[in-house]
Structure formats: C-alpha cells, structure tokens
Amino acid sequence: MHPVLWHIRHTTIPARREKVEIPSMLESKLSNKNLVLITKGISMEKSSGQITVRATGMAWYRLEDYSAILRIMTDSAKLPRTFHEWLMKAEKGEKSLRRDGHIVMRVIIDPKSFPDWCKSRGLNIDAQARIQFANLAVKEAYGTTH
C-alpha cells in the first residue's frame, strides 16, 4: 500500500480534502523525517509521519462592502482609502505568500456580521480581529494555519 497525502482543493471555500496516492517514486523520499514537497506551488512538510500544509488566511473585502468596512474598523486610518488601492496591495501580498509556497485562503469579511463576531469574542474591530477571523477560517478549512 502506498502512503497517502491529502490533496486540498483550495479553489473552493470551504476547502475540500481528497486523498491522493503518492507515486512509488516519491515513496522512498517520503520516508525521510523532514521532507518538504512542493506540488503546484503548495508547500507540504512531512515530519513524524504527518504531512503539514502551510495555509494562510487573508482578510478579503468585496468592492461593494469596502466603504462599510472603512466605517466599522477602528483602525480604518491604516487601511487604503479606496478598494482599488487595497486590492493592489492585497494581491501583491497574496502573490508573495503563494510564491513562498503557502496556500492562501481569501476570507471575506462581511461588514454586517463582523462587528457581532468581534463583540462575541471581546475583540476590537481591527487588524487583530481580522487576522483572528481569517486564521479561524483556515483552521476550519484545512485544520492548520501557517
């Protein structure tokens, strides 16, 4: 029987995990304790018999929500003034993370429900909350972050 690794379809949210047989030519390489396997730009690390996928969540906004996002965030002065400025920065950051082998999950923040989510956790409506929200979505989808 061949070792199995999880192939994660990161084009859908929530992500779907599928078992994929590892080709026998890679089998011997996977017996190494610390192997980093790059497949389609996704970094997977094998250590202690488990394969770990580096997944990163990014808070993502919709064009139609951006003005409301600026109104609700307590740190809105730190955000770009326009959606297009924000999008350029976000896509650049996303590209950099993907280049480094991360799976990047865009996590949409809804300006109507996000304040309640923050309040229920005792969080300010700011960057820390956005990070926590995105990390939670990744953890639920992939079982891990970073």
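A residue is called buried when its relative accessible area is under 20%, exposed when over 50% and partly exposed in between, with a 1.4 Å probe and protein chains only. By that criterion, 38% of the 146 residues of the protein chain are buried.

This is a predicted model, in which local features need pLDDT of at least 70 and side-chain atom pairs count only at pLDDT 80 or more, while totals for chains, interfaces and linings use all residues. Residues are numbered from 1 along each chain as its sequence is written, and side-chain values use heavy atoms, with hydrogens and water left out.

The protein chain holds five helices and seven strands, taken as DSSP runs numbered from the N terminus (helices H or I, at least four residues; strands E, at least two). Their order along the sequence is β-β-α-β-β-β-β-α-α-β-α-α.

The largest pocket has a volume of about 300 Å³, where a pocket is an open set of points on a 1 Å grid over the protein atoms alone, reached by a 1.4 Å probe, with protein on both sides within 12 Å along at least five of seven lines, and lining residues have an atom within 4 Å of a point. The volume is the space filled by probe spheres set on the points. Of the 14 lining residues, Ala59, Tyr61, Ala127, Arg130 and Ile131 are the closest to the centre of this pocket. Strand S6 (55–60) and helix H5 (127–142) each supply at least two residues of the lining, and H5 gives the most, with five residues.

| Class in the lining of the largest pocket | Count |
|---|---|
| Nonpolar | nine residues |
| Polar | three residues |

Technical notes:
Ala, Val, Leu, Ile, Met, Phe, Trp, Tyr, Cys and Pro count as nonpolar, Asp, Glu, Lys and Arg as charged, and the others, Gly among them, as polar.
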